[in-house]
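Hi,

Here is the structure I said I would pass on. Have a look at it first, and then read on for what turned up.

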Amino acid sequence: SNLGETSHLRALLLFDREWRVGASWGQWGIPMLFCPELIPAVGLEQMETLFANHRFLRLFDLELGFYRGLGADLPKSVGGLVHLRYLNLRGTEFNELPGSLGNLACMEILDLRVCCSLQVPNVLWKMKRLRLLYLPEAFSVSGSEKLQLHSLKNLETLKNFCPSSCEVDDLDKLLNLRKLAFSPSEVGLEQVLKVGKITFRRLRCTSFSIYGEFSESNMEQLSGYRHPCDLFLDGRIEKLPVDKNFPDRIRK
């Protein structure tokens, strides 16, 4: 089919070799396009055409639908989709996002969990309607030392927060945050304790994976963490901890 004839679409989902069973998007109340003819991948040139011909898109799902090896960048023309509310790049092989992403001021759900290290422009703070943000497990920030998230007052879920690439102090400004998960390879005891001092109004769960050696005094410090949490420790423990060494509100 000619995608140029579908410029009225509000949702576009591109699939990999197998059909995926995902969330139902009936709640959006908008027509959708399923594209098995684009299997197994959509190319950069084809993507440019999609962006140019579908300016009214609200939802664009490319999960597992782009494989071109390391070195591919998401086209700058994505910044023209100013009505976009949902963008899913999970499992793709992009390694850099354009600064034009900052034009997407209507964005509510953004999934950047690509399968390689990603360079992210410091423009996500402009997406003030964001409710769910899934950062990559490994990323660097272009144009700034650290990724700014301070203005995301509506953010409810933040996954793969990375202290070395993001400002921990920005968490204090995320007034509606309910779920917070740190990047598995980037969190240490110091960051955990710093988060423990922040007052969250609506936080229901935090998730940490800490690697290294754990002394008895380290475990005693963890006992002061006051938010609900899932805690994974991987490494050598000097002495098996007793109940009082764990956070009072630990879930698992």
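A quick definition before the details: a nonpolar core is a set of buried Ala, Val, Leu, Ile, Met, Phe, Trp, Tyr and Cys residues joined through side-chain atoms within 4.5 Å. Please keep in mind that this is a predicted model.

With that in hand, the largest nonpolar core here has 58 residues. Its members that touch the most others are Leu101, Leu124, Leu133, Leu158 and Leu171. As general background, nonpolar side chains in soluble globular proteins tend to be buried together.

Take Leu158 if you want a place to start looking. Setting aside neighbours within four places in sequence, Leu158 is in contact with Leu133, Leu135, Leu149, Leu171, Leu174, Leu177, Lys179, Leu180 and Ala181. There is also a second, separate core, made of 6 residues, among them Leu59, Ile109, Leu132 and Tyr134. Tyr134 has a charged residue at its ring too: Arg113 lies over the face of Tyr134, 4.2 Å from the ring centre.

Now the aromatics. How many aromatic pairs does a search of the whole structure find? There are 3. One of them is Phe51 with Phe60, an edge-to-face pair with 5.4 Å from centre to centre and 75° between the planes. Both partners are buried: Phe51 has a relative accessible area of 0%, and Phe60 has 1%.

Another pair is Phe161 with Phe182. Why is this pair edge-to-face? The ring centres are 5.2 Å apart and the planes stand at 70°; planes over 60 degrees apart count as edge-to-face, so the pair gets that label. Phe161 belongs to strand E11 (residues 157–161) and Phe182 to strand E12 (residues 179–182), so this pair ties together parts that are 21 residues apart in sequence. Phe161 is buried at 1% relative accessibility, and Phe182 is buried as well, at 5%. Ring pairs also bring in Phe208, giving a cluster of Phe161, Phe182 and Phe208.

Is Gln148 buried or partly exposed? Its relative accessibility is 30%, so Gln148 counts as partly exposed. Leaving out residues up to four places away in sequence, Gln148 touches Asn122, Trp125 and Asp170. Asp170 is 22 residues from Gln148 in sequence, and their C-alpha atoms are 7.3 Å apart in space.

Over to you!

Conventions
Residues numbered from 1 in each chain as written. Predicted model: local features only at pLDDT ≥ 70, side-chain atom pairs only at ≥ 80, totals over all residues. Heavy atoms only, no water. Phe/Tyr/Trp six-rings, centres within 6.5 Å; stacked < 30°, edge-to-face > 60°. Buried < 20%, exposed > 50% of the residue type's maximum accessible area, 1.4 Å probe, protein only. Helix = DSSP H or I, 4+ residues; strand = E, 2+ residues; numbered from the N terminus. Lys NZ or Arg CZ within 6 Å of the ring centre and 35° of its normal. Contact = heavy atoms within 4.5 Å.
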